[in-house]
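Read it alongside the sequence and the coordinates.

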Amino acid sequence: MINRRRWLYGIGMLAGASRRIGWAAETLAEPEEKKPAPLELSQYEPKSMLQVHETHVERSKFPLIDFHTHISVSAKSEKGVALSPERHYLGTPQELLSVMDRKNIKTMVNLTGGYEKGLVEAVQKYDRAYPGRFLTFTEPSYSHFKEANYPKLQADAIEQAHRNGARGLKILKTLGLYLRENINSGTLAKIDDPRFDPTWDACGQLNMPVAIHISDPVAFFTPTDRFNERFEELNNHPDWSFYDHDFPTNAELLGARNRVMEKHPKTIFVTLHFGNFSENLQNVAENLDRYPNMYVDMAARIGELGRQPYTSKKFFDKYQDRILFATDATPHGDEFPQQVFNDKLYEIYYRFLETDDEYFDYAPAKVPPQGRWQIYGIQLPDAILQKVYHDNAARLLRI
């Protein structure tokens with residue numbers, strides 16, 4: 001006969017074992033927790049949760065001169081060097097004027113007006129057809145660079161361009177980063193090459209400002225890796241990287257440009273894109289103090305200026321007579337939203353300069369095109385706005 005105590009004990013053991021088996025079966029039956037799929041960085045479009053004041057500035061407070069636009073480009077280029085005087089026109093005068101009138105833009109300066117017959121055509125098509133609304137700069141004719149008398153040829157071309165209506169000379173980063181001894185091959189030509197001295201002197205004698213672009217954002221000279229704050233931009237445009245190979249460093253390019261400004265004190269140099277060093281305003285300030293013939297424009301750099309608003313505002317206050325309003329605007333340049341010519345682009349610039357708004361986009365795009373950050377307004381006083389928007393450029397262009 002089974003002892004009652006043992007019988008109850010056995011029943012308990014069986015029940016416990018049954019619960020353990022059931023728990024194990026339930027555990028085994030539970031599906032594994034799924035990890036979220038990785039999100040492609042290009043698909044990441046976060047929406048800010050900040051609730052801050054937003055100001056919509058439709059028109060600039062004062063009529064302005066956009067010192068830096070690209071209405072035309074060379075019809076033939078090879079490895080970054082323009083080789084033809086013929087032009088491609090990116091926007092008709094009528095479509096440009098409609099935006100200009102809405103946004104209070106008095107004058108657009110087309111820096112890439114070309115040379116020879118291309119320049120003549122651009123001046124006729126825009127400047128002379130609509131007096132006061134468009135001004136055109138000329139460019140060097142690098143196709144003649146290998147010729148022994150190139151220094152004189154180019155200086156003479158500047159004089160002819162002036163007679164044809166050019167208001168200044170535009171130097172693309174072709175000089176320093178693309179132009180080579182055999183135009184497209186050989187060693188890179190240097191910015192301070194003495195063969196260009198007659199060109200700088202001719203501009204000084206004719207009161208033609210030199211709009212000079214000789215470098216790019218500092219990140220373009222560093223590896224395109226996980227530490228690069230412009231990784232997406234460079235990953236989308238790998239040909240924009242100047243890291244490695246035989247390219248000079250950013251410091252070497254700036255040094256060569258500075259030697260040119262020092263050697264030619266009677267020539268005005270507008271160093272584009274905020275002196276090509278908007279990441280280091282202390283450096284730009286030191287150069288402005290050292291070279292009285294140096295000016296800066298702000299084209300395509302509010303993304304940098306707006307993320308250091310306190311420093312930027314002090315800079316605009318101190319150098320208010322030497323900063324030119326500019327956007328780098330390019331008609332139908334939708335691939336590059338930080339410089340596409342449209343209403344929204346100008347409204348962002350006005351918001352940066354005229355308001356103290358916080359944390360807003362620096363370009364009309366879903367994803368910030370130059371780096372994943374936002375900007376802040378610097379709310380300049382009217383006296384400084386008047387100079388930056390209009391008076392400084394008017395003085396240099398003799399309007």
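Outside the four places on either side in sequence, glutamate 233 touches Phe220, Trp240, Gln338, Pro369 and Gln370. Glutamate 233 lies in helix 7, residues 231–236. The model is predicted. Glutamate 233 has a relative accessible area of 5%, so it counts as buried.

- Alanine 300 sits in the loop that runs between strand 11 (294–297) and helix 11 (302–305).
- Is alanine 300 buried or exposed? Alanine 300 is buried, because its relative accessible area of 6% falls under the 20% cut-off.
- Setting aside residues up to four places away in sequence, alanine 300 touches His273, Thr327, Asp328, Tyr349 and Gln370.
- Alanine 300 and glutamine 339 are 39 residues apart along the chain, yet 6.3 Å separates their C-alpha atoms.
- Leucine 305 belongs to helix 11.
- The relative accessible area of leucine 305 is 0%, so this residue is buried.
- Beyond its neighbours within four places in sequence, leucine 305 is in contact with Phe274, Leu281, Met298, Ser312, Phe316 and Phe352.
- From leucine 305 to serine 278 the sequence separation is 27 residues, and the C-alpha to C-alpha distance is 6.7 Å.

**Nonpolar cores**

- In soluble globular proteins, nonpolar side chains tend to be buried together.
- The largest nonpolar core here has 86 residues. Met298, Phe316, Phe325 and Leu353 have the most contacts inside this core.
- Which element gives the largest share of this core? Helix 13 (residues 343–354) does, with seven residues.
- Leucine 353 is in contact with Met298, Phe316 and Phe325, and also with Ile378, Gln379, Leu380, Leu385 and Tyr389, leaving aside neighbours within four places in sequence.

**Aromatic pairs**

- How many aromatic pairs are there? The count is 25.
- Tyrosine 150 and phenylalanine 196 make an edge-to-face pair, with 6.1 Å from centre to centre and 85° between the planes.
- This pair links distant parts of the chain, 46 residues apart. Tyrosine 150 is in helix 4 (residues 150–163). Phenylalanine 196 is in the loop between helix 5 (174–177) and helix 6 (197–205).
- Both tyrosine 150 and phenylalanine 196 are buried.
- Why is the pair of tyrosine 350 and tyrosine 389 edge-to-face? The ring centres are 6.0 Å apart and the planes stand at 90°, which is over the 60 degrees that edge-to-face requires.
- Tyrosine 350 is buried, with a relative accessible area of 0%.
- Tyrosine 389 counts as buried at 0% relative accessibility.
- Tyr350 and Tyr389 belong to a cluster linked by ring pairs, together with Phe325, Phe341, Tyr346 and Tyr349.

- The largest pocket holds about 1100 Å³ of space.
- Lining this pocket are 36 residues, of which Leu172, Lys173, Trp240, Phe336 and Gln339 are the closest to its centre.
- The lining of the largest pocket divides into 11 nonpolar, 14 polar and 11 charged residues.
- The second largest pocket holds about 900 Å³.
- Its lining has 30 residues, and the closest to the centre are Arg351, Tyr359, Phe360, Asp361 and Gln374.
- How does the lining of the second largest pocket divide? There are 16 nonpolar, four polar and 10 charged residues.

**Cavity**

- The count of cavities of 30 Å³ or more is one.
- The largest cavity has a volume of about 60 Å³.
- Ala82, Glu139, Pro140, Tyr142, Lys170, Leu172 and Thr174 line the largest cavity.
- By type, the lining of the largest cavity has four nonpolar, one polar and two charged residues.

Methods: Residues are numbered from 1 along each chain as its sequence is written. This is a predicted model: local features need pLDDT of at least 70, side-chain atom pairs count only at pLDDT 80 or more; totals for chains, interfaces and linings use all residues. Side-chain values use heavy atoms; hydrogens and water are left out. On a 1 Å grid over the protein atoms alone, a cavity is a set of points where a 1.4 Å probe fits but cannot get out, and a pocket is an open set with protein on both sides within 12 Å along at least five of seven lines; lining residues have an atom within 4 Å of a point. Grid points are joined across faces, edges and corners, and a volume is the space filled by probe spheres set on the points. Ala, Val, Leu, Ile, Met, Phe, Trp, Tyr, Cys and Pro count as nonpolar, Asp, Glu, Lys and Arg as charged, and the others, Gly among them, as polar. A nonpolar core is a set of buried Ala, Val, Leu, Ile, Met, Phe, Trp, Tyr and Cys residues joined through side-chain atoms within 4.5 Å. Buried means under 20% relative accessible area, exposed over 50%, partly exposed in between (1.4 Å probe, protein chains only). Helices (H or I, at least four residues) and strands (E, at least two) are DSSP runs, numbered from the N terminus. Contact means heavy atoms within 4.5 Å. Rings of Phe, Tyr and Trp (its six-membered ring) pair if their centres lie within 6.5 Å; planes under 30 degrees apart count as stacked, over 60 as edge-to-face and the rest as tilted.
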